[in-house]
Amino acid sequence: MRILTLKRSSILPGFGLTLGLAVFYLSLIVLIPLSGLFLKTAAMSWSGFWHTVADPRALASYRLTFGAAFVGAAVNAVFGFVVAWTLVRYRFPGRRLLDAAVDLPFALPTAVSGIALTALYSQNGWIGRLFAPYGIKTAFSPLGVAIALTFIGLPFVVRTLQPAIEDLDAGMEEAAHTLGASRFQTFRQVIFPFLLPATLTGFAMAFARALGEYGSVIFISGNMPMRTEISSLLIVAKLEQYDYAGATAIAVVMLLASFLLLLAINLTQRWFSSRLGRSAA
Amino acid sequence: MSIEARNISKTFGDFHALRNVTLKVNDGELVALLGPSGSGKTTLLRIIAGLEEADADPSSAILFHGEDVSASRAGQRRVGFVFQHYALFRNMTVFDNIAFGLRVRPRRQRPTESAIRKKVEELLHLIHLRELAPRFPSQLSGGQRQRVALARALAIEPRVLLLDEPFGALDAKVRHGLRRWLRRLHDEIHVTSLLVTHDQEEALEVADRVAVMRDGRIEQEGTPEEVYHRPNSEFVMDFMGNVNLFHGRIESGKAVFGSLVLDHAGAKVPDGQGARLFVRPFDLDISRQQNGLPGMKARVTRVQLAGAQVRIELSSESGETLQVEMPHSRFRERAVAPSDDVFVTLQDSRIFLEEQTHRGEVS
Amino acid sequence: MNANPLTRSDPRWLRALLIALTVLFLGLFLILPLATVFLEALRKGVGAYFASFRDPAARSAIRLTLLTAGIAVPCNLAFGLVASWAIAKFEFKGKSMLITLIDLPFAVSPVISGLIYVLMFGAQGWFGPWLAAHHVHIIFAVPGIVLATIFVTFPFVARELIPLMQEQDTDEEYAAISLGASGWQTFWRVTLPNVKWALLYGVVLCNARAMGEFGAVSVVSGHIRGLTNTMPLHVEILYNEYNFVAAFAVASLLALLALATLIAKTALESRIRTGAQAVEPLEMETIA
């Protein structure tokens, strides 16, 4: 079967073998298990599916998960912007260390960050005790969930913005300056629009990651159904009761949300690159 | 070891890179494949090397010394291929690069390590880079890299040597030096070679024969002298060097270009047939008076004295720009200056009838 | 202190403010949690810290983590090499879909990554009855843990290799082929050395995730103490038993792993950046 389309490469050997192996491994590990998920859902009746997915407990978990993920991503969008800007444009002692540290949420196992955050923000924790007198619970509350999700999404915005800020053309800023624009005007009208695509991409990626997060959240959240139970935990809870169908149904909803989000990211990037003539991230 | 490419065609999607091309390189010859980009020369070279496959056709074949190698892979054909951008293995030293072809041979055919070392050292001596053996490609200049690439190709004792614009990426001075060096090398080792280039100077200087290509076909083949002085088409003449171009027509057996009238000995041509006159700058001369040779009036607009020859630009009566080249000694005799009115006379020229421009369709 | 020409235009007060905000934000969200791990682990002194590792359950958790990574990383390394050769050196229909599929595990929540294997191999799963009949245990046993880990760490090596190999052109491979090298020789001697830093980088990231994965492994594991607990799961167990010092002690090992990963990452990143740049031809010289 001649599936090779272009010219040169037919001379290099190994195409059939490597492609075959790659597809085989991919099917085994990824495709077949994933299709199992959808087949299981297809086996459910529509009313059964809907019943599970729209259950008050499930709805509460969506509200919490999406809400906290949104807050976390938003905080990261703002502060991540500041951090990326500072790391790229300014020099100060410890800059390189901080720059490397930004990847910590990627590198640190989620269970470790989970218990560390809980220790920090629980009522006796160093930070938790600052807020306890005011009745603000930074752990075992939706706020705690948001805090954990902020931690987990931190690198996405920063790492997406850094290359974009590095790409900023000094000429643009100088041109605006010579034309009489104030610093703030230059930022608002020249710099920020340039960085908007990367910011949005980083936000969406942090949001997507936060939606599915499990390990760093379940310690600090308290896991009270209807109050501080995230959707991933709901899935695990159903599994522990051998309610495979219920767990699968919720999983499908989460997957759909992730998929739509990824689509939105792609479309945004494409829209920006067609308008501005370059890719967003 | 002769090379013969028979009836080779190649299409990439809608693009016809080669149209039924046939080429023969005799044993020990150095042939240059010359042409503009898109003419198909590199494609043909790569097909001969086995790095591309020609379109399927029962009559097409690649023959090395009469033996059909179309079915064998690139590695089996024992061709030495030199790439335009060197393609040196950047993670290996110069020594290891040159030794590579010998080291990857199947165990039975592999020479001993000491035999390999001897061969590599011979080649390093040939290319005058013995001290650079332990260096990495990134530490070499462009000219040095290309010499290493050549040595690497020669290490496997190739039946034929194929060079793809080997000097294209180098500075002018290095290019000239390497050209001469390649010619000397070829005279020493006599490997059948095929060189692809878009630089007509290079082809003329280095090759025993030149094949000029255009749009996937060979327009003309011959010695450098033939191709330069007896081009069979406008394209070849124009490609091989600067020309002055005049438009005119044939009338009563004479070719008329404005005030220039030339005899046109040739096949019977109807009156009014359009024609074009091609004249090399050095085939034009300047004189103060008409002296019996065919010529036209013109006014000198510019004289460029800096250079190996003097370049004079003139404007003819009909407003065309003429370029004349002559040695400094002759210029001193002529003693013309800008704004002078002079006669421009022809020593030699080529006339192409208008239909001839399409007559490049030889294979 | 400001080398970047752009910064000359940012006023000093702004610079100070932004730097302060950055340090505070990163300090709060990154440095403090990391420090907490070690402080909590050492809260009852160094003796109690080391005692945590004498617990046999902790030891078997460490062993299981090493075993899992020891299987998942080489498998995914091999896959990464194979897939990047096919993708970077050839053109074929469906290539972009293949690349998207490789990124898929990143888009899937860890819990769902575990769920899909439960659906296949769990007691009520597709193969459940068949497996039970043959006494093969995948879910709630080590094989399931390894499988789930392979799934979540699967893209790392490929994602590092593919863009780099796509960026490097194929001339060196063609040269090797024309000199008579076989496909395998070409891959081994020419292609691989040119991507070695990116390869190592991918392996480092893959390993970090393989050892630290929690969500997916938690779902397939069954949490059987001493048998099917990796280090992250063991941390959870200890924490839920209020055995905080031990929990943070084990966590501190993982945190050290994370720090080592970050160091390796930073070191490799600069190597990769210099390696990927095209080598510029140097200036001219005359021929001897």
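This is a predicted model: local features need pLDDT of at least 70, side-chain atom pairs count only at pLDDT 80 or more; totals for chains, interfaces and linings use all residues.
**Stop 1: where chain A meets chain C**

The contact between them draws on 89 residues of chain A and 91 residues of chain C. Together the two chains bury about 8,200 Å², and 80% of that lies on carbon and sulfur atoms. Now select L12(A), Y25(A) and Y90(A): these supply 9% of the area that chain A buries against chain C, more than any other three residues.

How many salt bridges are there between chain A and chain C? The count is one. To see the pair, select K265(C) and D103(A), where the closest N and O atoms are 2.6 Å apart. In general, side chains of opposite charge can pair when their charged atoms come close. The count of residue pairs in polar contact between chain A and chain C is six, with both residues at pLDDT 80 or more.

Next, highlight helix α1 of chain A, residues 15–43. This helix gives the largest share of the side of chain A that touches chain C, namely 18 residues. If you colour that side of chain A by class, you will find 67 nonpolar, 15 polar and seven charged residues.

**Stop 2: where chain C meets chain B**

Keep chain C in view and bring in chain B. Here, 27 residues of chain C are in contact with 39 residues of chain B. Chain C and chain B bury about 2,900 Å² between them, with 60% of it on carbon and sulfur atoms.

Which residues form a salt bridge here? Select E172(C) and R90(B): their closest N and O atoms are 2.9 Å apart. One salt bridge is found across the interface of chain C and chain B, and three residue pairs are in polar contact, both residues being at pLDDT 80 or more.

By class, the side of chain C that touches chain B has 14 nonpolar, seven polar and six charged residues.

**Stop 3: R103 in chain B**

Now zoom in on R103(B), which sits in helix α2 (residues 94–103) of chain B. Is R103(B) buried or exposed? With a relative accessible area of 18%, R103(B) is buried. Show its side chain together with that of D96(B), and you will see a polar contact of 2.9 Å joining the two. Among the other residues that R103(B) touches are R110(B), E113(B) and I116(B), as well as R189(C) from another chain.

**Stop 4: salt bridges within the chains**

Over all chains, the whole structure holds 41 salt bridges. For one of them, go to chain A and select R57(A) and E229(A), which meet at 2.7 Å, N to O. This pair links distant parts of the chain, 172 residues apart: R57(A) is in helix α3 (residues 56–89), while E229(A) is in the loop between α11 (215–221) and α12 (231–240). R57(A) is partly exposed at 25% relative accessibility, whereas E229(A) is buried at 4%.

Stay in chain A and select K238(A) and D243(A), whose salt bridge spans 3.9 Å, N to O. K238(A) is buried, with a relative accessible area of 15%, and D243(A) is partly exposed at 29%.

Then move to chain B and select D199(B) and R179(B), a salt bridge of 3.0 Å, N to O. D199(B) is in the loop between β8 (192–197) and α6 (200–206) and R179(B) is in helix α5 (residues 172–189), so the pair ties together parts 20 residues apart in sequence. D199(B) is buried at 15% relative accessibility, and R179(B) is buried at 1%.

**Last stop: two cysteines in chain C**

Finish by selecting C75(C) and C206(C). C75(C) is partly exposed, at 30% relative accessibility, but C206(C) is buried, at 0%. Searching the whole structure gives zero disulfides over all chains.

Terms used. Residues are numbered from 1 along each chain as its sequence is written. Chains are lettered from A and ligands numbered from 1 in the order in which they are written. Side-chain values use heavy atoms; hydrogens and water are left out. Contact means heavy atoms within 4.5 Å. Buried area is the accessible area (1.4 Å probe) that two parts lose on being put together, summed over both. A salt bridge is a side-chain nitrogen of Lys or Arg within 4 Å of a carboxyl oxygen of Asp or Glu. A polar contact is a pair of N or O atoms within 3.5 Å; within protein, one must be able to donate a hydrogen and the other to accept it, and residues adjacent in sequence count only if both atoms are side-chain atoms. Helices (H or I, at least four residues) and strands (E, at least two) are DSSP runs, numbered from the N terminus. Ala, Val, Leu, Ile, Met, Phe, Trp, Tyr, Cys and Pro count as nonpolar, Asp, Glu, Lys and Arg as charged, and the others, Gly among them, as polar. A disulfide is a pair of cysteine sulfur atoms within 2.5 Å. Buried means under 20% relative accessible area, exposed over 50%, partly exposed in between (1.4 Å probe, protein chains only). Lists of a residue's contacts leave out its neighbours within four places in sequence.
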